[in-house]
Structures are given as structure tokens and as C-alpha cells.
Amino acid sequence: MVELHHVLRWSAAGFVMLAAGCTGDPVIPEPPPGDLNVTLTLETVASGLDNPLDLTTPAGDTRLFVANQNGVVNVINGGQVLGTPYLNLSGDVSTGGEQGLLGIAFHPNYAANGFFYASYTDNNGDSRIDRFTVSADPNVAGVNTRLNIITIPQPNTNHNGGQIAFGSDGMLYYSVGDGGGSNDPDNSGQDLTTLLGAMLRLDVDGGTPYAIPSDNPFAGSPTAREEIWAQGLRNPWRFSFDRTSGNIYIGDVGQNALEEVNVESATAAGLNYGWNVMEGTRCRPGGNQNCDQTGLTLPAIEYPNPSQGCAVTGGYVYRGSAIPEIVGHYFYSDFCGGWLRSFRYENGSVSDETEWSVGQFGNPRSFGEDADGELYILSGSAVRRIVPVTN
């Protein structure tokens, strides 16, 4: 079995986020199913980065903010990487294997409050989210403004998940892996008393450092962690919200059989995505081969590991305007597979599954989305934008 922490280590010799459904976003109509009369390619936007793992921007901003595994957040402005980082946490971040600066997010009201959030593994190897406030220089965050939002002890160095993103409800969502180890030895995916193996939902405006949203599925429960929004995840490596439908897409890295992408309404509380009872649509290898699937939410798509890849890289639904032919397509990849695929999801059904020939782009670690809904792939030391081939 090839795990993501292995391939990240070999590559080192490796938010993505915009508030979903932002009011005022133009709605680009989706083309009819099967209408894919377009050829795509990748355009290099910036290079020379250090294992970029996340890319996002505040609403309405033309800059790109890139989180590198080493703890540095760079600003790309007008195609140039600025010399001074927006944030440098390199002294506070563990960077081996799957550890590092794993996710960044801007508060939906960033223009007024200047709040910026970073998700990383600290020097103890624990998962942590801190909030920072932008300084008088709009291209630099104030390191001394740090406020710890949450810290989660990690039993191992892998399966950290680590992405953060604000939903259209203004809540901060946080994907956390099962804590590592083969077959989820602590049963974290099915244990509601731990924050591991789950998607968390925090109200960072309702309290300090956060409050429990009253509509969280386990709010007020004496037997479950109230922060949990969904459970049954192994190593959710990149999730995103579709700006138009509000659906949440979660790429969850498999163990040694299946890679999966889950798609559900972001308003569906308390879902159980199956791990460690299931790996994809199968009973977990080595587990009960007659496992009970009652109450489990199975993936929208899956593909075999290792014949097609080793670690899914979740992406975004395209909602930009530069390529109208692919509006509504969810793009994703695989770290080892190195391919670019997409599909459409509507009314519970997958259609228009497509593999795009865009040339070689190495091992994709992540995707990103800018304020206009255009999509980017992060691989090697480069950020590349998905663009149409023009005659």
C-alpha cells in the first residue's frame, strides 16, 4: 500500500476555500449533459514554491494566497510571488510526511475584520487551527495576533486531513483524519467521543474561541462531541462546497482498495461516511465481510487503488466564466495517478465522467479556487490554472 505521507516525503528530495454560495456571485448556466466540446490545458501561474498544499483568496480579491507545507503562506499578485510572505509559521509547524501547514481560510467578512485562519500540525504533531488578523500592510498578517481556535491531539503522524473552509452558513468546517494506523486501530471513524475521523463545524463568531452551532447534529449530547457534523472519514484530503448547489464534495483517501469522493447536501447533518466499517462501497478488507451498511452514506464515485492511483486529491466544482463548457463539473485527481478527471452530480446521480488530456503536471497535491471561480492545480513547486485551448 502506498500512503499519501510516503509520496509527500518522496516528493520533498507534499483551500482551498471560498465561502460557498456567496451572495452576488453571478450564476453561470450549466451546459447540457455531454456537451464537452472543449480542450483543456494547464497554464503555469507561479513556480518556485515549497510543496504548495492549498490556494484560496478573499471574496472579490484578485490576489492568490498559497499555503506551503513548510508553514509559509505566499501571496501571488499579478503573476508574481511577493518577496515577503503573508504569514510565516515555519518555526511552529511539523512538516514530515503528511504534516505541515494543511489549510487556510479567510473569514467571509475579511474585508471588515481581517480574520485569517490557518490549519496545521504543531511541533507536538497535534492538529491545530489558529486565527490571525491582517496587519496595516494588506499583504502581511500579524503573527502576534494569533488566537488558538482548537487543538486536537494526534496519536500518529499520518491521516491528519486538515482542510478548513467556511460554508455559506458562515460556519467553519474542518476535516480531520482518523489519527493514522492501519484499519483505524482506535475505531475513530465510528467513535463519536473523539474529534478524529470526522468533519467538524464550528461557529467562530458565536464565542471565543468558538461556539457549538445549535443545529449541529450532536449539539447538547452528553455522549458525543458536539463539534461533529459528519463521521466515518479516513483521511479527507480536500473538501469543497459547490457555490451554486451548496453540496459538499469530500475526497477521502482509501487504505489499499478504493479511493472515493463523497457528495451530499451541505445541510445534511449527522452523516456517517462509513469508515472503518466500509472502504468505499466494500466492507473493509480484514474486517467483517458481511458488514452492516445500515445508516451509512456511500460515495458518489470510487476507483481502485493501486491500479488507478494511491491517494485521491479532492477538488472543486467549476463555477468560473472562462470555460462555460465545463460549468458544473467537479474536478479531482490522484497523487500517484497524475490524471485530471471530472464528473457532474445532479439529483443523486453521477454523469459525464471525463478524463482530460492536459499533459504532464506531476503529482497533484491539491486544487484551488479564486474569487472568480477559476480552478488551479498545485503540484511540485508550481501553481497551474486550468484554461481552455484556444486556436
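**Rings, charges and cavities**

Let's start with a cluster: ring pairs link Y249, Y303, Y330, Y332, W339 and F343. Keep in mind that this is a predicted model, where local features need pLDDT of at least 70, side-chain atom pairs count only at pLDDT 80 or more, and totals for chains, interfaces and linings use all residues. Residues are numbered from 1 along each chain as its sequence is written, and side-chain values use heavy atoms, with hydrogens and water left out.

What counts as a pair? Rings of Phe, Tyr and Trp (its six-membered ring) pair if their centres lie within 6.5 Å. Planes under 30 degrees apart are stacked, over 60 edge-to-face, and the rest tilted. By this rule we get 18 aromatic pairs.

Take Y86 and F106. Their ring centres are 6.2 Å apart and their planes are at 55 degrees, so this pair is tilted. Y86 lies in the loop between strand 5 (80-81) and strand 6 (87-88), and F106 lies in strand 7 (residues 101-106), so the pair ties together parts that are 20 residues apart in sequence. Strands here are DSSP runs (E, at least two residues), numbered from the N terminus. Both Y86 and F106 are buried, meaning under 20% relative accessible area with a 1.4 Å probe, protein chains only.

Now back to the cluster. Y332 and W339 pair edge-to-face, at 5.5 Å centre to centre and 80 degrees between the planes. Y332 and W339 are both buried.

Next, charges over rings. The rule: NZ of Lys or CZ of Arg within 6 Å of the ring centre and within 35 degrees of the ring normal. R131 puts its charged end over the ring of F115, 3.8 Å from the centre. R201 does this over W229, at 4.4 Å.

A cavity is a set of points on a 1 Å grid, over the protein atoms alone, where a 1.4 Å probe fits but cannot get out; lining residues have an atom within 4 Å of a point. Grid points are joined across faces, edges and corners, and volume is the space filled by probe spheres set on the points.

The second largest cavity has about 50 Å³. Its lining includes W229, M199 and Y273. Strand 14 (228-231) and strand 16 (247-252) each give two or more residues to that lining. By class, it has 8 nonpolar, 1 polar and no charged residues.

And the largest cavity? About 60 Å³. Its lining has 4 nonpolar, 4 polar and 4 charged residues. Among them are R234, D252, E260 and Y273.

How values were computed:
1 Å grid on protein atoms, 1.4 Å probe; cavity = no way out; pocket = protein on both sides within 12 Å on 5 of 7 lines; lining within 4 Å. Nonpolar A, V, L, I, M, F, W, Y, C, P; charged D, E, K, R; others polar. Helix = DSSP H or I, 4+ residues; strand = E, 2+ residues; numbered from the N terminus. Buried < 20%, exposed > 50% of the residue type's maximum accessible area, 1.4 Å probe, protein only.
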